[in-house]
Amino acid sequence: MMKTRYSLIIAMMMLFQTMAICQTKDTLVDVGSHKLHFTIKAGIGVPIIFESGAGNDGSVWKEICKKLSHRTNAPLITYDRAGFGKSEIDSNHVNITNEVNDLYSALKTLKFTENYFFVAHSLGGNYVMKFISNSPKKVKGAVFIDIVSPYFMTPKRASYTKELFRDSIQAIKKESIGFYHLVLNYENTSEIMRQVAPAMETPLTIIASGITPFEGEDRQDFKDALKRFAMEKKNRTYILAEKAEHYVFYDDPQLVIDEIIRLYHQVK
């Protein structure tokens with residue numbers, strides 16, 4: 001009788017644990033002057049946090065998180081940067097430094113206070129590099145997907161990129177307040193990335209697309225610069241997804257999932 005009772009208690013505990021892991025939370029987190037929108041799949045251990053590229057909100061990760069959840073019980077966290085998706089924005093204080101501080105504050109509010117693992121796409125790599133710079137011992141590893149590297153986004157190219165939007169900036173402001181401020185801050189965002197990148201010692205996997213969002217010579221420059229960034233430290237792995245476009249996690253989700261799992265277990 002006693003043995004049966006213990007078996008029943010253990011079975012119930014396992015069921016409750018499984019139910020907790022499967023739960024997904026959709027919430028707004030107050031970071032002081034505005035609120036950020038988070039989607040969190042509950043789990044155990046070091047959380048995997050996803051940082052979207054320019055113009056995207058956290059919804060771009062929906063399918064990859066669904067597939068990834070079958071391979072890991074880790075908490076999976078996506079969020080919308082200020083002014084995108086369901087997140088609010090404080091237009092007077094929006095820049096990469098404040099945005100990264102706000103992310104850290106939100107994670108603490110959500111009770112994720114120890115260690116982190118990041119997955120970043122495109123311009124999202126800038127934000128993760130800044131986060132790592134602020135908390136190098138807390139970030140155990142990161143997978144960078146076709147990120148904008150410091151060797152590609154020079155001061156001259158950053159200025160040129162911002163200038164491309166000059167004539168449409170007011171239309172952009174009406175369409176997306178988040179993207180409007182992203183354009184206004186583009187040079188500063190790139191400058192901070194170049195400042196913090198050289199000191200990074202965090203283990204990284206860099207997945208490059210064979211078909212970048214650029215054309216002509218810029219395409220090869222983008223690929224060469226990203227490979228150079230990947231190869232300059234021993235604890236970095238470089239992978240070229242030759243047939244994939246910029247959103248590698250759309251074109252080759254299995255590759256991305258495998259690399260997230262591999263590095264996550266390696267550094268955990």
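This is a predicted model: local features need pLDDT of at least 70, side-chain atom pairs count only at pLDDT 80 or more; totals for chains, interfaces and linings use all residues.
Eight strands make up an open sheet. Their order is E1-E2-E4-E3-E5-E6-E7-E8, and the pairing is mixed. Strands of a sheet pair through backbone hydrogen bonds, either parallel or antiparallel. At the edges lie strand E1 (24-30) and strand E8 (236-245), each of which pairs on one side only. On average, neighbouring strands of the sheet are turned by 20 degrees against each other, direction ignored.

E1 and strand E2 (residues 35-41) run antiparallel and are joined by seven bridges. Aspartate 30 has lysine 35 of E2 as its bridge partner.

A helix also covers part of the strands. Helix H9 (residues 216-231) lies across strand E6 (139-145), E7 and E8. Its direction is about 165 degrees to that of E7.

**Two helix pairs**

Two packed helices are described by the angle between their axes and the distance between the axes. The table lists both values for two pairs.

| Helix pair | Angle | Axis distance |
|---|---|---|
| H3 (residues 96-109) and H4 (residues 124-134) | about 70 degrees | 10 Å |
| H5 (residues 155-163) and H8 (residues 186-196) | roughly 155 degrees | within 9 Å |

Take H3 and H4, which pack at an angle of about 70 degrees. An angle of 65 to 115 degrees counts as roughly perpendicular, so H3 and H4 are roughly perpendicular to each other. Their crossing is right-handed. H3 brings Ile96, Thr97, Glu99, Val100, Asn101, Leu103, Tyr104 and Leu107 to the contact. H4 brings Asn126, Tyr127, Lys130, Phe131 and Asn134. By class, the contact of H3 with H4 holds seven nonpolar, four polar and two charged residues.

Now take H5 and H8, whose axes cross at roughly 155 degrees. Angles over 145 degrees count as roughly antiparallel, so H5 is roughly antiparallel to H8. The crossing of H5 and H8 is right-handed. On the H5 side, the contact is made by Pro155, Ala158, Ser159, Thr161 and Lys162. On the H8 side, Tyr186, Glu187, Ser190 and Arg194 take part. The residues of the contact of H5 with H8 divide into three nonpolar, three polar and three charged.

**The buried side of H8**

In H8, the buried residues are Tyr186, Thr189, Ser190, Ile192, Met193, Arg194 and Val196. These buried residues pack against H3, H4, H5 and helix H7 (177-184).

Serine 190 sits in helix H8. Its relative accessible area is 1%. Buried means under 20%, so serine 190 is buried. Neighbours within four places in sequence aside, serine 190 is in contact with Asn126, Met153 and Ala158. Of these, Asn126 is also one of the H4 residues in the contact with H3. Ala158 is one of the H5 residues in the contact with H8.

**Methionine 200**

Methionine 200 is placed in the loop between H8 and strand E7 (204-211). With a relative accessible area of 3%, methionine 200 is buried. Which residues does methionine 200 contact, leaving aside its neighbours within four places in sequence? They are Met129, Ile132, Phe144, Lys233 and Arg236. Isoleucine 132 is 68 residues away from methionine 200 along the chain. Their C-alpha atoms are separated by 7.3 Å.

Technical notes. Residues are numbered from 1 along each chain as its sequence is written. Side-chain values use heavy atoms; hydrogens and water are left out. Axes are lines fitted to C-alpha atoms, for helices over the stretch in contact, and angles run from 0 to 180 degrees between N-to-C directions. Helices (H or I, at least four residues) and strands (E, at least two) are DSSP runs, numbered from the N terminus. Angles under 35 degrees count as roughly parallel, over 145 as roughly antiparallel, 65 to 115 as roughly perpendicular and the rest as oblique. A crossing is left-handed if the near helix is turned anticlockwise from the far one by less than a right angle, and right-handed if clockwise. Contact means heavy atoms within 4.5 Å. Ala, Val, Leu, Ile, Met, Phe, Trp, Tyr, Cys and Pro count as nonpolar, Asp, Glu, Lys and Arg as charged, and the others, Gly among them, as polar. Buried means under 20% relative accessible area, exposed over 50%, partly exposed in between (1.4 Å probe, protein chains only). Two strands pair if DSSP finds at least two bridges between them.
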